[in-house]
Amino acid sequence: MIEMKKRDKIYINNGSNLIKMTLELLEMANVKEELNPGIKIIIKPNLVVSEKAENGATTHVEIVEAIVIYLKENKIEDITIAEGSWVGDGTSTIPAFKIGGYLSLAEKYGLKILDTKKDNVETVKFDNLNLNVCKSFLDADFIINVPVLKGHCQTKITACLKNIKGCIPDDEKRRYHRIGLSKPIAGINTVIKPSLHIVDGICGDLNYECGGNPVEQNRIFLSKDPLLLDSYLSKLIGYNPEEIDYLNYGLKYELGKFHDKNSEIIELNSDNRIKTYENRNNTKKNNKHKPLAIEKLERFIDDNSSCSACYSSLIFALDKLEASKIENINEKIKIGQGFKKEAIVRTKVGGIGIGNCCIKFKKNITGCPPTGLDVLNFLKQILNNEKS
Ligand code: SF4
């Protein structure tokens, strides 16, 4: 597998045109300098369930389409899309490929589809574990990992490293759950090492990997270092990376480095951040599940034209406050560009405000946008101060 150079950056793009956003990221990261015609490429999306991407669990097919367009422009023809849905989704991933739009994509561009549930298996040794992996990933020259950023009911977050669990057979997935997920998740990433990670941050789920409560962020992320990106993304959705066991194992196994204040983040189209409600009607219309958990949290929010990236930080933070604490928030939390006019008065005004647009509120967390972790710590501090 090709190990890419210059792994120390995170690229972010904002907007609603997923193909354009992804192509801009690939150009910006100059991925083509490390591609050679004739190499064998696997693209690994997240198709954990047979659901449309709007439900918050699976990768938007437009992102993969943009990757294919980019590869073809750079004379790459041997492209396979490979995935194995979760064990409860049946013995075939084909329904998930179909519902996600991947069969049509394969037909349009002449791609191969690989259901990893049917792939040959090879056993590799790692530490004191024998790990069974789908052989096709070992034979690829270049793997592009295209996970969804979402919450996870057991591991807290799923993004780059966790998505590689789709590269193992079903009985091995069951075994991971028996022996504890964290160490084997990191272990499998020492064997299957994607060269590139492009994370779908359009509307990943609040706290459950199978979707149902999509949180709009309208962002796509790219990095060559999965640990750098995962540790950064964990902060966005309200977790300290040290809380995530498999990220700690990733550090131990030298899969990359954690994000810190010196990490370089290159953001494109920050003036094109999508407003929170801009796509909301579409999401609801296409979504057979209503995002009820999010609606419950929204009763604590006074939104006035917020960017969805900012709003998502607040939603992820509120979700992590214990139920007893959240009920102690006795005023609506202000967020959004509409509150900027209050930011031009000299004196602070009463209230709790999120982000730079709300800087003139007496209680404010700065950032444009602040991370979910920043917002969570800020709200905890307010609640603790009110108690004492
Ligand atoms: S602080 Fe920044 S991200 Fe948040 S609403 Fe204002 S402009 Fe948008």
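Rings of Phe, Tyr and Trp (for Trp, the six-membered ring) are taken as a pair if their centres lie within 6.5 Å; planes under 30 degrees apart count as stacked, over 60 as edge-to-face and the rest as tilted. The legends below describe a predicted model, in which local features need pLDDT of at least 70, side-chain atom pairs count only at pLDDT 80 or more, and totals for chains, interfaces and linings use all residues. Residues are numbered from 1 along each chain as its sequence is written, and side-chain values use heavy atoms, with hydrogens and water left out.

**View A. Ring pairs link Phe126, Tyr249 and Tyr253 into a cluster.** Four aromatic pairs are found in a search of the whole structure. One of them is the edge-to-face pair of Phe126 and Tyr253, at 4.7 Å centre to centre with 90 degrees between the planes. This pair links distant parts of the chain, 127 residues apart: Phe126 belongs to strand E5 (residues 121-126), and Tyr253 to the loop between helix H10 (245-252) and strand E12 (264-268). Helices (H or I, at least four residues) and strands (E, at least two) are DSSP runs, numbered from the N terminus. The rings of Tyr249 and Tyr253 are stacked, because their centres are 5.9 Å apart and their planes stand at 25 degrees. Phe126 and Tyr253 are buried, that is, under 20% relative accessible area, where exposed means over 50% and partly exposed in between (1.4 Å probe, protein chains only). Tyr249 counts as partly exposed at 29% relative accessibility.

**View B. Four strands form an open sheet in the order E13-E14-E15-E16, with parallel pairing.** Two strands pair if DSSP finds at least two bridges between them. Strand E13 (301-303) and strand E16 (361-365) stand at the edges with a single partner strand each, so one side of each is left without a neighbour in the sheet. Strand E14 (residues 333-335) and strand E15 (residues 349-354) run parallel and are joined by three bridges. Ile333 has Ile352 as its bridge partner in E15.

**View C. The largest pocket holds about 390 Å³ of space.** A pocket is an open set of points on a 1 Å grid over the protein atoms alone, where a 1.4 Å probe fits, with protein on both sides within 12 Å along at least five of seven lines; lining residues have an atom within 4 Å of a point. Grid points are joined across faces, edges and corners, and the volume is the space filled by probe spheres set on the points. Of the 23 lining residues, Val48, Trp86, Lys162, Lys165 and Glu209 are the closest to the centre of the largest pocket. Helix H7 gives the most to this lining, with three residues.
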